[in-house]
Every structure is written in C-alpha cells, then in structure tokens.
Amino acid sequence: MFKTRLISGIVLVIIALVTIISGGPILFGTLMLISLIGLNELYKVVKIDKTMLGFSGYVATIIYYLLLFFEVKYDHMLFVIAVLIAMMAIYVFTFPKYVSEQAVTGFFGVFYVSVMLSFIYHTRVMEEGLFLVALVFLCSWGCDTCAYCVGVLIGKHKMAPKLSPKKSVEGAIGGLAGAALLGMLYALAINRWGGASASPASYALICFVGGMISMVGDLAASAIKRNHEIKDYGTLIPGHGGILDRFDSVIFTAPVIYYLATSLM
C-alpha cells in the first residue's frame, strides 16, 4: 500500500510540474478535466452524477472555464445567479425527483470544485506566476507531508478525532512550521537558480497561512465523507483515492495563495 501510494504521489508531482511549467492550454485543459472529474466524484456522493442536475453542473463548469481561457469580460455575480436559477429550475420542474440536498450540492459543487481549483490558472498567469503557482502545491502537499511525519513521531493530542482520528495537534503545528520552512527554502532556491526576486519572508508567510487553510480543506472533505459514510471519493489515484481525496486541500489553498500573492507581492 505504501509503495503504491508513493509511486502515485511521484507521478502526481511529475504531472503537476509538467502542467505548471507548460502553462497555457495544457494547464487550462488539465484543470478543467480535473474539475470535471472531481465534480463527478462529489455528485456521485449525493447520486446526481448521471442526472440532469449533474449535467447542468458539468455544463456550468465548461462554460466557466471557456470564459476564463478566452478572457471574456462578464458579470461574475450574474454567472452565479444564472447557475443557481438553472439548478433550482431543474429541482422544481422535476419535483419530487430530487431532494433539497441534491440541488444544493449541485450548485455548491460548481464553486467548491471548479471555481476554486481554477485559481491555480489565475495564479499561473500572474507576473512571476510560474514561481507563485508552485506555492499552491508546496503549502498544501508539503504541510500534509510534514504534519504526517511529525504526527507519527510525537503526535499525542487528537485535533479532530471524529473526522480524522490520525491527525494530531502536534502534527498540525509541525505541518505549519514545515510549510513555512519549505516556502522560505523555495524562495531562496528560485532566487539563486531561477533568477527570481522572491522574498523568503513573504513566501514563508504565504505557505504558513496556506497551510492553515489546507487543513480546513482536508477536514471539510473528510466531513462530507463521514456524513455519507464513504471511505474515499473514488479510485482514480491508486493509494490515494479519487481526485477530491488528493486535491481536497489544494481546492482551498489555490484561491488563498492567489489573493495572498496579489496582496504581498
């Protein structure tokens, strides 16, 4: 199991590096595909993945990404309202085919998965976005790895025993410290070998805050699974589960890194 998880993790890192460095259409297409798969996994939980309600969520995601890629100027609130009205129209005109939780999840999923993940693309197209976008993965996956190592070594106090019994307060502190350290080391590395002018202190702060938010994302995904009594969202990634099992923290971290970078850079 550990070997499978390790190999899958390495493959994920390679894919992330290739898509981030490539940027443009490759990153855009990858993110849209990941969003659609993640949305499908969430919709399966509430059994709307193969319904008209689920289909409307997929269409909304595709439209959103196309508007983003072609840089179409539009009223974002109008888009939100349009998606909500479309979902509610399906809900009421097919009543009682769906229950309210399914309709709410249909709407929620578009923004929870698709819109929030798209901030990886938003960050990549920023000035020095090639360096900044790596922070999304560095603080989320880095924090998770450091928290796991510290938790295994000295973890004693449970952080959220009902959601994730293996997570500890000591592990969380170690994860945040590790994320901050990784952010600082990353800034020093790209300054030396990448010709960047990154502030080690700013990168450490961004990764520290991003690490805190990544824990919320991780536990939020776990809470949804506990509510519906499932172990994983899918089986796409051997040893990890589905897209949402691996990208749960990235979903929350991506918009936070974008706005922190916009404010601090």
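**Burial, helices and backbone angles in a predicted model**

Trainee: Is Val-13 buried, partly exposed or exposed?
Mentor: Val-13 counts as partly exposed, because its relative accessibility is 40%. Buried means under 20% relative accessible area, exposed over 50%, and partly exposed in between (1.4 Å probe, protein chains only).

Trainee: And where is Val-13 placed?
Mentor: Val-13 belongs to helix H1; helices are DSSP runs (H or I, at least four residues) numbered from the N terminus. Please note that this is a predicted model, in which local features need pLDDT of at least 70 and side-chain atom pairs pLDDT 80 or more, while totals for chains, interfaces and linings use all residues. Residues are numbered from 1 along each chain as its sequence is written, and side-chain values use heavy atoms, without hydrogens or water.

Trainee: Understood. Which helix holds Thr-123?
Mentor: Thr-123 is part of helix H6, which covers residues 119–124.

Trainee: Buried or exposed, that Thr-123?
Mentor: Thr-123 counts as buried, because its relative accessibility is 0%.

Trainee: What does Thr-123 touch?
Mentor: Leaving aside residues up to four places away in sequence, Thr-123 touches Gly-129, Leu-132, Val-133, Ala-254 and Tyr-258; contact means heavy atoms within 4.5 Å.

Trainee: And what lies 2.7 Å from a polar atom of the Thr-123 side chain?
Mentor: The backbone oxygen of Phe-119 lies at that distance, 2.7 Å, from a polar atom of the side chain of Thr-123.

Trainee: New topic: how many residues does helix H9 have?
Mentor: Helix H9 runs over residues 169–193 and has 25 residues. From its first C-alpha to its last, H9 reaches 36 Å, close to the 36 Å expected at 1.5 Å a residue, where the expected span is 1.5 Å times one less than the number of residues.

Trainee: Which residue with a positive phi follows H9?
Mentor: H9 is followed by Gly-195, with a phi near 70°.

Trainee: What about Lys-47, where is that?
Mentor: Lys-47 is in the loop between helix H2 (24–45) and helix H3 (52–69). Although Lys-47 is not a glycine, its phi is positive, about 60°. Lys-47 counts as exposed, because its relative accessible area is 64%.

Trainee: And Glu-71, in which loop does that lie?
Mentor: Glu-71 lies in the loop between H3 and H4. Its phi is also positive, about 55°, although Glu-71 is not a glycine. With a relative accessible area of 63%, Glu-71 is exposed.

Trainee: Last one: which loop holds Pro-96?
Mentor: Pro-96 is located in the loop between helix H4 (76–93) and helix H5 (100–117). The peptide bond from Phe-95 to Pro-96 is cis, and its omega is near 10°.

Notes. Helices (H or I, at least four residues) and strands (E, at least two) are DSSP runs, numbered from the N terminus. A polar contact is a pair of N or O atoms within 3.5 Å; within protein, one must be able to donate a hydrogen and the other to accept it, and residues adjacent in sequence count only if both atoms are side-chain atoms.
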